[in-house]
Amino acid sequence: MEARLNLMAHPATATFIKHLSSAGKVVSDLGLPVTTQELVKIRASQINGCGFCTDMHSKEATAAGETQVRLNLVAAWREATVFTEAERAALELAEQGTRVADAAGGVTDEAWENAAKHYDEDQLSALVFLISLINAFNRANVLVRQPAGDYRVGQFG
């Protein structure tokens, strides 16, 4: 399978991706645990059907010390006993923030308040923009049918 468009080969799209990646660096510096960041990225990518990002962030999570059991259970996190309450709150926020069109009003007050119990304002800001960014990357990759499976850890920075 080949992508419909090589986003990195076109100067304008490569610049756009570079800016999104820079925004992601700001988000990663706001104190949200790396494992939580990767779990959120994986879950949103699963929902959006983005194989490229699911592959990338599963590999990045493994490199950051995440276990295979937890990675295997991200899609079924509600039934899994391997996630902390804070991680579960982040995953719920990620799901609702990704599926905004599925529910009138978007993210529920309950999901927000639960996340706020576990994360300070910097970390909540990180979650908001992390969810937004991964959804942007997912949508671009799905639109161009970016192939999955060949990502190497650290490939983009």
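Which helix gives the most to the lining of the largest pocket? I looked this up in a model that is predicted, and I found that α1 gives the most, with 9 residues.

Entry on the pocket. I noted that the largest pocket holds about 1,200 Å³ of space, and that of the 41 residues lining this pocket, the closest to its centre are Ser21, Met56, His57, Phe137 and Phe156. I then looked up which helices supply at least two residues each to the lining of the largest pocket, and I wrote down α1 (11-28), α2 (34-48), α3 (51-63) and α7 (121-144). When I sorted the lining of the largest pocket by residue type, I found 23 nonpolar, 13 polar and 5 charged residues.

Entry on the fold. I recorded 7 helices and 0 strands for the chain, and from the N terminus on I read the elements as α-α-α-α-α-α-α. I also looked up the contacts with a separation of 6 or more, and residues 24 or more positions apart account for 70% of them.

Entry on size and surface. I noted that a compact globule of 157 residues would have a radius of gyration near 15 Å, and because the chain has 15 Å, the two agree. Along the principal axes, I found that the C-alpha atoms fill a box of roughly 45 × 30 × 30 Å. Of the 157 residues, 39% are buried, while the chain exposes about 8,700 Å², of which carbon and sulfur atoms supply 56%.

Terms used
Residues numbered from 1 in each chain as written. Predicted model: local features only at pLDDT ≥ 70, side-chain atom pairs only at ≥ 80, totals over all residues. Heavy atoms only, no water. 1 Å grid on protein atoms, 1.4 Å probe; cavity = no way out; pocket = protein on both sides within 12 Å on 5 of 7 lines; lining within 4 Å. Points joined across faces, edges and corners; volume = space filled by probe spheres on them. Helix = DSSP H or I, 4+ residues; strand = E, 2+ residues; numbered from the N terminus. Nonpolar A, V, L, I, M, F, W, Y, C, P; charged D, E, K, R; others polar. Rg over C-alpha atoms; globule rule 2.2 N^0.38 Å. Buried < 20%, exposed > 50% of the residue type's maximum accessible area, 1.4 Å probe, protein only. Contact = heavy atoms within 4.5 Å. Areas by Shrake-Rupley, 256 points an atom, 1.4 Å probe, with all protein chains shown as cover.
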